[in-house]
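Open the model in your viewer and keep the selection panel at hand. The stops below go from the whole chain to single residues.

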Amino acid sequence: TEAEIFSLLMKERAKVVTYEQITAKLGDCGSNKIEVHVCSLRRKIAQIYPLPLIKTVRNQGYRAE
C-alpha cells in the first residue's frame, strides 16, 4: 500500500495528489488509513533521505517535492 502511494506521488511529482486519487488507487479506505500509510512512508524515507519529501496540502492531499 505504501509503495502504491509512493508510486502515485512520484508519478505526479510537484502536483497535489488528492485523497480521492489515492482512494481510487487503493480501493475503499478512509482518510485515517491513508494518513497512517503516509506517516509510515515518511518515516521510511527519512532514514535514507534527510529532507522532507512528502508535503501535506491541507484539506486536499499530498505532494512530493
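Predicted model: local features only at pLDDT ≥ 70, side-chain atom pairs only at ≥ 80, totals over all residues.

Residues are numbered from 1 along each chain as its sequence is written, and side-chain values use heavy atoms, with hydrogens and water left out.

**Whole chain**

Colour by secondary structure: the protein chain has three helices and three strands, in the order α-β-α-α-β-β from the N terminus. Helices (H or I, at least four residues) and strands (E, at least two) are DSSP runs, numbered from the N terminus. The C-alpha trace spans about 30 × 20 × 20 Å along its principal axes.

**Strands**

Select residues 54-57, strand β2, which runs antiparallel to β3 and is joined to β3 by four bridges; strands pair if DSSP finds at least two bridges between them. β2 and β3 form a hairpin with three residues between them, and Asn59 in the turn has a positive phi of about 60°.

**Helix pair**

Select residues 2-11 (α1) and 31-46 (α3), which pack at an angle of about 80° with their axes 9 Å apart. Axes are lines fitted to C-alpha atoms, for helices over the stretch in contact, and angles run from 0 to 180 degrees between N-to-C directions. Show side chains at the contact (heavy atoms within 4.5 Å): among the residues there are Ile5 and Phe6 of α1 and Val38 and Leu41 of α3.
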